[in-house]
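Good morning, and thank you for coming.

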Amino acid sequence: MAEERFQTMQEEFKDKHYHHFTDEEENKLIYTDIFKEYVALIENYIEEELKRRMPGFSMEEFSKSLEHRQDQIGGDILEILLSFTDFLAFKQMFLDYKAEKEGTGVDLSNLLTITSGSLHVDESQGMQIDPDSPREGPSASR
């Protein structure tokens with residue numbers, strides 16, 4: 001899934017459909033069709049790749065094996081596989097993509113200040129604070 005071909009396929013799919021998505025609690029009917037198409041696309045890609053890499057591969061047998069061996073599969077891998085069929089994760093992926101494409105996403109880059117100079121440790125907070133930072137520290141609001 002980290003392969004460029006997979007990333008390109010996913011990017012092209014998002015680019016084709018992102019304009020349908022809005023950040024509202026109520027979901028549009030078209031989301032269901034797009035979600036079904038997305039799940040089929042992902043499943044077909046995974047099955048095609050596994051068949052290419054393992055002659056004689058059977059998705060049906062693989063699915064059964066996954067069910068019986070959930071405790072033997074790394075949590076991260078299982079989570080990634082399950083996220084492809086999670087509708088809320090799917091919708092959020094499109095909302096994030098739309099925000100990125102339209103430049104309406106939240107820019108968090110101004111929350112980090114990098115400066116050179118000496119730092120001292122604030123013992124009460126257990127963190128390093130730049131005394132020359134233009135921002136007020138967490139204890140300033142107390």
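Read from the N terminus, the elements of the chain follow the order α-α-α-α-α-β-β. That is five helices and two strands, where helices (H or I, at least four residues) and strands (E, at least two) are DSSP runs numbered from the N terminus. Please note that this is a predicted model, in which local features need pLDDT of at least 70 and side-chain atom pairs count only at pLDDT 80 or more, while totals for chains, interfaces and linings use all residues. Residues are numbered from 1 along each chain as its sequence is written, and side-chain values use heavy atoms, with hydrogens and water left out.

Of the 142 residues in the chain, 21% are buried; buried means under 20% relative accessible area, exposed over 50%, and partly exposed in between, with a 1.4 Å probe and protein chains only. Among contacts (heavy atoms within 4.5 Å) between residues at least 6 apart in sequence, 63% join residues at least 24 apart.

Let us turn to the helix packing. Helix 1, residues 4-17, packs against helix 5, residues 87-102, at an angle of about 75 degrees, and their axes lie 10 Å apart. Axes here are lines fitted to C-alpha atoms, for helices over the stretch in contact, and angles run from 0 to 180 degrees between N-to-C directions. The two helices are therefore roughly perpendicular, a label given to angles of 65 to 115 degrees, with under 35 counted as roughly parallel, over 145 as roughly antiparallel and the rest as oblique. Helix 1 contributes Gln 10, Glu 11, Phe 13, Lys 14, Asp 15 and His 17, and helix 5 contributes Met 93, Phe 94, Tyr 97 and Lys 101.

Helix 2, residues 29-53, also packs with helix 5, at about 100 degrees and with the axes 11 Å apart. Helix 2 is thus roughly perpendicular to helix 5. Here Tyr 31, Ile 34, Phe 35 and Tyr 38 of helix 2 meet Phe 87, Phe 90, Lys 91, Met 93 and Phe 94 of helix 5.

Finally, is Gln 10 buried or exposed? Gln 10, which sits in helix 1, is buried, at a relative accessible area of 10%. Leaving aside residues up to four places away in sequence, Gln 10 touches Tyr 38, Phe 84 and Met 93. The side chains of Gln 10 and Tyr 38 are joined by a polar contact of 2.5 Å. A polar contact is a pair of N or O atoms within 3.5 Å; within protein, one must be able to donate a hydrogen and the other to accept it, and residues adjacent in sequence count only if both atoms are side-chain atoms.
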